[in-house]
Structures are given as C-alpha cells and as structure tokens.
Amino acid sequence: MDAFDVIVIGAGHAGCEAALASSRMGAKTLLLTINLDHIAFMSCNPAVGGLGKGHLVKEIDALGGEMGKNIDATGIQFKVLNTKKGPAVRSSRAQADKMKYALRMKKRLEEQDNLRIRQGTVEKLLVDRGEVEGVVTTWGERFLSKTVIMTTGTFLGGLIHVGLEHFQAGRMGDLASLGLSTCLKDLGFDLGRLKTGTCPRLDGRTIDFSKLEPQVSDNPPQPFSFMTESISGRLVPCYITYTNEATHEIIRSGLERSPLYTGKIKGTGVRYCPSIEDKIVRFRERSRHRIFIEPEGTDTYEYYPNGLATSLPLDVQMGMLRSINGLENVEITRPGYAIEYDFVYPTELYPTLETKKMKNLYFAGQVNGTTGYEEAGAQGLMAGINAALRVRGEEPFVLGRDEAYVGVMIDDLVTKGVDEPYRMFTSRAEHRLYLREDNADLRLTEKGYSIGVVDINRYNRVVEKKRGIGETLGMLRSVRLRPTKMTQEMLKSMGLELIRNPVTLEDLLKKPEITIKMLARIDNRLEEVSEDIAYQVELNVKYHGYTERQQDMIERTKKLEGKKIPLSTKYDEVSGLSREVIEKLTRVKPISLGQASRIPGVTPASITALLVHFKKTGTL
C-alpha cells in the first residue's frame, strides 16, 4: 500500500496549486483526479483575473504559486481594469487559450519533484479516531497519507440541468463524485447545495464580427507574474455585442421550461454572476445587457459569449442567440447548462483550512462555497502549504486581513460562512489601499520564502526590489532645492509651480502631477530607476498619509487578533453571553478575539464579556 505525506483530491485550479505547494515544500504528494486530460480545465469562461480576483492571482504568484506564470505563458489578451480609478482597485484580467493553459499546467505538475499524479475517483476517506489516514478509490486502491486535501469543485453530487432534462455529472463530459458526498455526510459534515452555470459555446465561423465592437489587448500587455519579463504570445481581440427586447421576449417565453423557475434547481446561485434568464426577470427595466464574445484559443473556432450563462432548453438558447446582433446565423458547439453540487459550510474549517471535525483533513475551492478559478487557486495554495507544515510538525501559515486578499477571503469564509457562492471583490478588503496588486510581492514573498514555498531566485528579486525602493526614497529625501533663480527657471521650464521655501524632491513628488521621470531632469540619477521601482516609490510618497492612517488602524486591530482563544473554551460558562452568541461561538470556534468580533451577531458587549472571562480565568 502506497503512503504519502499529502494526498490532493481533484486537479482543478485549487488542486493544482495545493499539490505544487506541498511538493515544493518537500512533502511526498499524490494528486488524484477523475480525468487526467482535464487538469486545470476551464469549465466556465477561459479567463484569469478580474476585479478583486486579479489581486488573488498576484498573491498566489508572490507566494510561489503557478497561476500567474501559467496565464502569462498562455494568455491571448491582457487588460488592466479600473485604470481611471485609484491604484487600490486596479485589477488585471487576461483571456486564456483554454487548451494551452490546461496542457501547460499538466506539464508543470508532471515535472514537479515529490509529486505523483494518478487518475482515479476517490470513493471514501480512511479515518481512525477522528484523524484522516488516507483514501480509497472506486477501483479499490488504498493510499495512506498523513494529510488529505479535498478540492472537489462542482463534482460532489454534481447534477447538470439543460431545460427540464438533468443528469449526474461533475461538469459536462465528466462523471460526478457520489461516494465521497455520502462519506462526508456519514462523517458528520454539514453539506449544503449551490448552483453555478456556464454559457453555450459558439462556432466563430458563423459569427458576423463586422457587427461587433472589437476590444483589443493593452499595449504593452502587463504580465501577472512578478517573474515574467514580458508577454510574447500572440494576442487577439475580444468583442462586444448586446441583447435586445427580442432576445428578452424569447427568454421570457422559455421560462416555463427553465429549471431555475420551475423548481428543478434547489441550490443557491451566484448573485454576482446571474444567468441571463435571471437578469431578464430581476432587471425588467433594462432594455439590453452587454455580452463579451471571447475566443477560447488561437487554434480553435470556439467562442464564449460571456454574460449569457443559461440553463434554458437548447431550442430557446438557439433562438436567444440568433436574436443578437452579429449572431443571426450562429451555430452552437456546446449548450449552456447549470450545475448543482454539494459543498461543506466553511465555518466547519479553521483559518488553516483544516476541518474541525477531522484532523489532518483540509478543504479548498468550491467545496468551501466559493466560485471562480482565482478563489480556488488561492485556497488550494494555502491548504497545500498548511498540509506540508503539518507533516513537518511546524506552526501553520495564516494570513491576516491586513496582509492579503487571501487572508480576507479565508477569514470571511471561516468566520461568516456563506449562503451563496462567494467571490472576491476589492470592496471586501478594509485595507485595500495597502493590499494592492502591484505590491503583492513586497507583502508576501519573504513570508513564502521563510516557510519554503518560494525559491531563492524570486526571494532575491524581492530583496533587490526593496533595496532599490529604499535607495530611491533616500535619494529623493537627500536632494534639497532652494528657491534660487536657477531652480525657479528650471521648475518653470518643466511647467511646475515655483517654490517659496526649500523643498526636497520627495516634497515635489507629493504633487499629483509630478512623476519620477519628470524629477530625473533635476537629478539624472533617477533616470536609472526601473519602472516598477519608480511606480512603488511614487505611490509610497503620494499616498503616504493615507497608508499611515491605514497602518494605525491595522495596529489597533492586531491587539484583538493577538488575544488567542483556547479551542477548549466552553462558551456556556462565560457570564453575559446570550444563547445566540454562545451557539455562534461554539459553532465557529474562533481562534482569536479578533475573529470572534467578526462573527455576525457577536456584539461588542459579547467581546467585552469574553475579555473579562479570560482575564478572570488567567487565559489572557
């Protein structure tokens, strides 16, 4: 019987990052997946990043993950969103060549030391006295392991709907995982039911692109990975079109055969990414909805009509599509569908993503109630890291809300839970001016290096970058301009305001209109400063007051985060807590007063009662 340090169930975006992280940290890892040909498969839109999600990809990359490098190598269109807004909410997005993305990730897994990949469906977990010890597949194979990470995506009890027809599947063309759902229920896990959906795929040869609005890539395209120097692949445009009143009427005529509106679908859908039939019903006042026509790759004619997720019958899908400008003669290559699946309520997890009911068992991805490749990849990375640390006997790795979007997401999941599929937005992060995309490497790479998930080359690059930032800031502070005639003439020639008192170059840079490139005309040493360092220095200087205030808020918050709560705490013994608060604290089992304060329904008075109790008992 084979034995491993870490077994990862599922090779979607969470599973790939989990397996790579644990194996890179020296843990002997086994990755089990139902279909080896569908590793890192993009079941929905073939894209990475987006608002809030781009931050997660940058953080995955900063911690040595693969998603950023993979999209840089296989992307076919790159955009930075929200460029007219502040740096905190700018997010990167890239269109992927779907097949190349999956193939490259599969190759990276195959080349990875300490990692073995096997095709197989896990039927049940091996458990002894509250600890997971391995897995059993449908073929009767038994694999022992010190830890197990479940990244089952939409496969747990997966049920696909197209109109009133439905059938069991993990996604179109792949078998569902049924035995594992039963196993989790038998082990006492509380399972819920969620729903997501995807769009029909279109034959590009039947689309009239002359009627569509082209959307070209940024020039030059900005990479996701901090290790990618430039994007060298072929770039292609996406296109925009719109639904219309005729489209909406066709959709309304098919609602009586929609599983969404006939009660066939029981799971809760994604509020932030509703199906087209849901949009038509909920937003009756809208005369049109925007549709992005996105290529699935450079070696295929298939296109993805982003914005048209649907589970309507096939004939209604066809009528709906052909009512849209540019799609009058379109042919469907694959129908759109909805899928329901089981998930485990994430309040059953610790911030390490280890389950509370079962020691050494970790969950990551859609099994935790999230939606999106990026959310899944980030959870997989953290689960892989923590499983490897458990095997080593070392302290777990947990990121706070003030350290990363990854920390915000995991804290939201394990503290607040979900009642609908969770997706990341910049608005979820209270410290978003500090947690920018551009500084993810400065925030996280050294942390990753300290636990062994980041290699020496990436670490050295960040050390060098920090040195460059420090030297440039020092240079700006050391050069002092006096209001001499020569200085005033130079400022005037640059179109800058004249000075009355002595100022440093740093003082000048605080002005919104001034850049380091402009200041290089005053001190030519600044011409040698690289673009990424100049960008960091400019932001540090221009937003210094805001970031200082945010840092003060972070320090105040840390006081509660630092007050740890013993897992053995019996909340019914704490005086002053209501029955509702006792129930919530007992269910979530917060690890700190900070986490406890974020549980919905736990009042400031309850936190005070906990503080008094712990001081009396000598815990704090």
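These legends accompany close-up views of the cavities in a predicted model.

View 1. Searching the whole structure turns up 2 cavities of 30 Å³ or more.

**View 2. The lining of the largest cavity.** Here you can pick out Phe 78, Lys 79 and Val 80, along with Ser 92 and Arg 93, around the largest cavity. Asp 218, Gln 222 and Phe 224 complete its lining. By class, these lining residues comprise 3 nonpolar, 2 polar and 3 charged.

**View 3. Strands beside the largest cavity.** Two or more residues of the lining of the largest cavity come from each of β4 (75–81) and β5 (91–96). Of the elements, β4 makes the greatest contribution to this lining, giving 3 residues.

**View 4. The lining of the second largest cavity.** Take a look around the second largest cavity and you will find Lys 195, Gly 197, Ser 275 and Glu 277 in its lining. Ala 309, Thr 310 and Ser 311 line this cavity too, as do Tyr 337 and Ala 338. The lining has 4 polar, 3 nonpolar and 2 charged residues.

**View 5. Strands beside the second largest cavity.** Which elements give two or more residues to the lining of the second largest cavity? They are β12 (191–198) and β19 (337–344). Lys 195 and Gly 197 are among the lining residues to look for here, and so are Tyr 337 and Ala 338.

Methods: Residues numbered from 1 in each chain as written. Predicted model: local features only at pLDDT ≥ 70, side-chain atom pairs only at ≥ 80, totals over all residues. Heavy atoms only, no water. 1 Å grid on protein atoms, 1.4 Å probe; cavity = no way out; pocket = protein on both sides within 12 Å on 5 of 7 lines; lining within 4 Å. Points joined across faces, edges and corners; volume = space filled by probe spheres on them. Helix = DSSP H or I, 4+ residues; strand = E, 2+ residues; numbered from the N terminus. Nonpolar A, V, L, I, M, F, W, Y, C, P; charged D, E, K, R; others polar.
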